Amino acid sequence: MKVEISKGIEELKFALLSPEEIRRMSAVKVITPDTYDDDGYPIEKGLMDPSMGVIEPGLKCKTCGGKVDQCPGHFGHIELAMPVVHIGFIKEIYSILSSTCSNCGRIKLPDSNLKEFFEKIKDTANRLSDIEYDDIVSEVESDASEVVICPHCHFENQKVALDKPTTFREEGKKLTPKEIRERFEKIQNDDLPLIGLDPKVARPEWMILTVFPVPPVNVRPTITLETGERSEDDLTHKLVDVIRINQRLRENRDQGSPQLIIEDLWDLLQYHVTTYFDNQTPGTPPARHRSGRSLKTLVQRLKGKEGRFRSNLSGKRVNFSARTVISPEPFLSINQVGVPAKAARELTVTETATEHNFERLKELIKNGPGRDEAVYKPGVNYVYRIDGSRIKISEKNSAEVAEKMELGWQVERQMEDGDIVLFNRQPSLHRMSMMAHEVRVLPYRTFRFNLAVCAPYNADFDGDEMNLHVLQSQEARAEAEILMKVQENFLSPRFGGPIMGAIHDHITALFMLTYRNPLIPLETGLHITSYIDVDRTPETVEVDGKRYFKGRDIFSLILPEGVNLEFKGKLADKSLDPNGTEGLIRIEKGKLVNGAIDENAVGQSKGALLDYVLRKYGNAEGAKFLDNLTRLAAGVISFTGFSTGIDDEDVPGEAKAQLREVGNEAVQKVEKLIENYKNGLIGMEPGKTLEDTLESMVMKALSQAREKSSEIASHYLGMDNSTVIMARSGARANMMNLAQMAGIIGQQSIRGQRQHRGYTNRTLPHFQKGDIGAYARGFVSSSYKEGLNPTEYFFHATGGREGLVDIAVRTSRSGYMQRRLINALEDLKVSEEGKVLDTEDSVIQLEYGEDGTDPSRSFEGDSVDVDYLVKEIFGTKYEGGKK
Amino acid sequence: MAKYNILMHEMVPEHWLVPVKEEENILKSLGVTKGQLPKIRRTDPVIKTLEKAPGIGEIVPGRIIEIVRKSRTRGIAKIYRTVIGE
Ligand SMILES: [Mg+2]
Ligand SMILES: [Zn+2]
Ligand SMILES: [Zn+2]
């Protein structure tokens, strides 16, 4: 039975154009080096002959009769008076000249050798790969070039040298292209496969040009400047040179001018033809424009960053887009983006006038192209009548055009609040790097968005720029809103939890608002609640005749109705909060009853409360919750104020003494270990040498020192300390960072080991040879606040460098790995039945991910959150799940 | 007979030759044609080993192999491959 399998391209073959073929495909023989006559008409048989296609609208091609957009363009040709070398084949010409006999044209190898090679090539049973074939060709070439006496005709060949760029010499005597061509004509078709040519499509003498193809005019269009002046393409300029010299060469040859003059002209023709192909040929001065700029000829059009491949085929540019610096704006919803009015006036949406939008569009046209008003009012830049003609809207004609507007006109209206746009930050590493936002047109010059959206874009505001794309059709807008809107991308497909959430000061603020349920004076509380979108205030309590709100009650305002949730906050760790219950966060019927709101409640990628709201109430409610949350946090923290500085790490003298003691103890412990090691008192641990055993013991002792210093620091620094608040709530930093600032920085390691490389038997010349003590191997007992001594500083820098190198190596590797994965998977699709198919409908997976689950709709990777369902249905207590 | 039976190795999932009369039903339930399924070469060591199993004999191109493997997401996943020549 035969299984049908779809087909792909197996190979591409490149061939040479023969002189006959160039003539055959030519629409006109170009003989005049001129383009247009005085009246501006193209000259017959000139470089702009209409037989080669048309570039002006309205005119018709003389060859195919097509207009500008129908005619594909047609080649013409130039008959060269004398043959010239094609610069692109210089290497091939050289190797053929060296490996063939100048007398009989055979490859200079005995028949027996040639036969052997032929058999290898012709062997259909073991077809050679392209690389193996190339290897044989170069082997033939290198063997044959060595031979002097031709084994076929016994002629004594002379060595050929290439005098760059295009001159060949035989024992100092110049070989003209004509002579080369004659030699190549003698080469038998049968020998060609061993030279690397397929005789069916290529002959070596075709590498020497006798006929020159002239590309169609639409390849080298004439540009008409605004002044009415015409400017020719660089290729046309070069063709003019070729024809002009060709003409002079023919005249001189026909008149029988002196050989010297003919040779000079011939060289000049060779120069022009060479630079026509490649104007950066080594050894050739580049041809220049009158202004002194060097011409962009064929190779320059394709090569390099600005060439056709990298610039036009791999790199694409897009309309209706904008790019500028980003900055934060906590008063915008996570679904919004602030667009500068200046950009909004340039970015347009094309709407067709219908009965439904007629009046609205009319008003927009009346607004004109936009005025500098305090309040942004969208206008219209252009309108298109039904016949396609364009009217530019100006202050003057706006009213008139608005009156004339008819159904079916296209109106390019400026961006207005509520438009859907795509917003993107490079590198676009995951799908949340490009999301749909609703526009809010704002003053000033930056794009602005809610801070919760920094995470998916991986953006900060130290000068980052982002791109914005305006959607142009209803379908695109609908699709973007359903699939790409920020609120639809709350849950990451990477781990099935929310990637957006409160950060930094949001967490600090909410923590301060709820930790130990502080009393907030009525006025302050009212001011804070004015930041959020609610229509009620919490109940007040009276203390000493003054009225207060309770912090947790204010927070409860932003909770959706009926939230019932209990989970552990960061303070649940008894060692952090020995007698408090702040770590037990309990929400009953939408009211925060106990606990301090921290990273575990609302933080990005781990906020249990946020996750709960999203799953139970949906994305829209989740977005509303997060919007309110960020506003509330802004309100709280702008009232309380919050700052940190190095004196947050000030510890009392008694603590300092303790810390110093811990450092000294550790160092002494290490010394003791080393002494024991030297006296052979240390036993080997399994799988380790004696040295390894010592190392691991030393490392352990030193890391204990850092832990101890961390404990001391936490003991003396309490909740009245800004840094501690940030560390405890999870807003930023951790207690270890704090301990490093106040206490001991600790061991600096490279690849997980104590520092040991450097000089002979020591890390630095500051130590004795053979010293393997704590300080000699990178232990830092100073704190960041005190400062490091010189050797400590050096080790710290070494350790830090490792991190930088690691990151540089990792990003480039993982980037390339991701690129390969994307290229392999980019055209897979999920069919309606849930199969994963490729472009030829071959099955990759019978069910998406084998379980048909969308990871971003999953519960931390599982299809269903059973615990949650059990609790929702039976009302039994939620036991914290599997977390 | 090879020294080891690769099908017994713990890293090699179960391979079953689908009886010809069941092929149509399976393809129908999957909603695919034989050509759409992933391929497995007749020269694949697994196929060669299967051929040596009692009562199976030569496996010609066009037959279907059922592979049962452990899946991180699904527990047990059944996939199918069409045998091709070479
Ligand atoms: Mg940045
Ligand atoms: Zn044409
Ligand atoms: Zn010869």
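Colleague: Why is the contact of Glu400(A) with Lys404(A) called a salt bridge?

Modeller: In this predicted model, the closest N and O atoms of Glu400(A) and Lys404(A) are 3.7 Å apart, and because a salt bridge asks for a side-chain nitrogen of Lys or Arg within 4 Å of a carboxyl oxygen of Asp or Glu, the pair qualifies.

Colleague: What separates Glu400(A) and Lys404(A) along helix 13?

Modeller: They are separated by about one helical turn, because Glu400(A) and Lys404(A) lie 4 residues apart in helix 13 of chain A, which covers residues 398–404.

Colleague: Why is Glu400(A) called partly exposed?

Modeller: Its relative accessible area is 49%, and because partly exposed lies between under 20% for buried and over 50% for exposed, Glu400(A) is placed in that class; Lys404(A), with 46%, is partly exposed as well.

Colleague: Which residues are joined into one network by salt bridges that share partners?

Modeller: That network holds Glu351(A), Arg360(A), Arg413(A), Glu416(A) and Asp419(A).

Colleague: How do you know whether Arg106(A), the salt-bridge partner of Asp111(A), is buried or exposed?

Modeller: Arg106(A) has 15% relative accessibility, and because buried means under 20%, Arg106(A) counts as buried, whereas Asp111(A), at 48%, counts as partly exposed; the closest N and O atoms of their salt bridge are 3.5 Å apart.

Colleague: What makes the meeting of Lys173(A) and Glu179(A) a salt bridge?

Modeller: The N to O distance between their side chains is 3.8 Å, and because the cut-off is within 4 Å, the contact of Lys173(A) and Glu179(A) is a salt bridge.

Notes:
Residues numbered from 1 in each chain as written. Chains lettered and ligands numbered in written order. Predicted model: local features only at pLDDT ≥ 70, side-chain atom pairs only at ≥ 80, totals over all residues. Heavy atoms only, no water. Buried < 20%, exposed > 50% of the residue type's maximum accessible area, 1.4 Å probe, protein only. Helix = DSSP H or I, 4+ residues; strand = E, 2+ residues; numbered from the N terminus.
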